[in-house]
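Here are some short notes for a first look. Please keep the model open as you read.

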Amino acid sequence: MKSLLYLIIPILIITSCGNDSLQVAINDTNLELALVKLDLDNEVDGVLTISDQIKELEKIDLSESEIVNANILIYFKNLTELNLYSNDLTSIDLSQNKNLTRLALGNNDLTSIDLSQNKNLTELYLISIDDLTSIDLSQNKNLTELSLISIDDLTSIDLSQNKNL
């Protein structure tokens, strides 16, 4: 019996060490449900495994999903296109999504947006964001398309470095 245990224990250790996927808590059931529908998560259990598929994903459409908290997207580091149109976001951290070129955030409840780390951004769509008062896009020098429609409270925008618009 002892020799059988010595044989089983190393196999279990190798199996658990071979799995280098990170598991993180996901705090938004609607976001997790959307990821399950896209086959990026297995079940709605409050945990997301950051697999190679997620790390390498370039495009994702999470529009109209009633998402409140999308901060888990910091682990989607290879994203170039992100659509979060028509959700319930009040804030979002995209500072780790440095490859983004196309971003749609319209029809959310955002009060501020920091896109200073998203220097590759070429297209930005901010439509019907009532509480946004200012936005600094001076670091987004590659912007070629910018849609700012129905942003009633917008009083300040910095486009001073955007020669391509």
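Where is asparagine 118 found? The points below start there.

1. This is a predicted model. Asparagine 118 is found in the loop between strand E5 (102–104) and strand E6. Its relative accessibility is 0%, so asparagine 118 counts as buried.

2. Look next at the side chain of asparagine 118. This side chain reaches the backbone oxygen of leucine 94 at 3.0 Å. Leaving aside neighbours within four places in sequence, asparagine 118 is in contact with Leu94, Asn97, Lys98, Leu100 and Asn140.

3. Now the sheet. An open sheet is formed by 5 strands, in the order E3-E4-E5-E6-E8, and the pairing is parallel. Strand E3 (59–61) and strand E8 (145–149) stand at the edges with a single partner strand each, so one side of each has no neighbour in the sheet. From one strand to the next, the twist averages 5 degrees.

4. Within the sheet, strand E4 (residues 81–83) pairs with E5 in the parallel sense over 3 bridges. Leucine 82 stands opposite leucine 103 in E5.

5. Turn to the core. The largest nonpolar core has 38 residues, and Phe76 and Leu84 have the most contacts inside it. Helix H2 (29–37), strand E2 (47–50) and strand E6 (123–127) each give two or more residues to this core. The largest share, 3 residues, comes from H2.

6. Phenylalanine 76 deserves a look. Leaving aside neighbours within four places in sequence, phenylalanine 76 is in contact with Leu35, Leu40, Leu48, Ile54, Leu57, Ile60 and Asn97. Asn97 is also in contact with asparagine 118.

Methods:
Residues numbered from 1 in each chain as written. Predicted model: local features only at pLDDT ≥ 70, side-chain atom pairs only at ≥ 80, totals over all residues. Heavy atoms only, no water. Core = buried A, V, L, I, M, F, W, Y, C linked by side-chain atoms within 4.5 Å. Buried < 20%, exposed > 50% of the residue type's maximum accessible area, 1.4 Å probe, protein only. Helix = DSSP H or I, 4+ residues; strand = E, 2+ residues; numbered from the N terminus. Contact = heavy atoms within 4.5 Å. Polar contact = N/O pair within 3.5 Å; in protein donor to acceptor, adjacent residues only side chain to side chain. Pairing = 2+ DSSP bridges. Axes fitted to C-alpha atoms, helices over the stretch in contact; angles between N-to-C directions.
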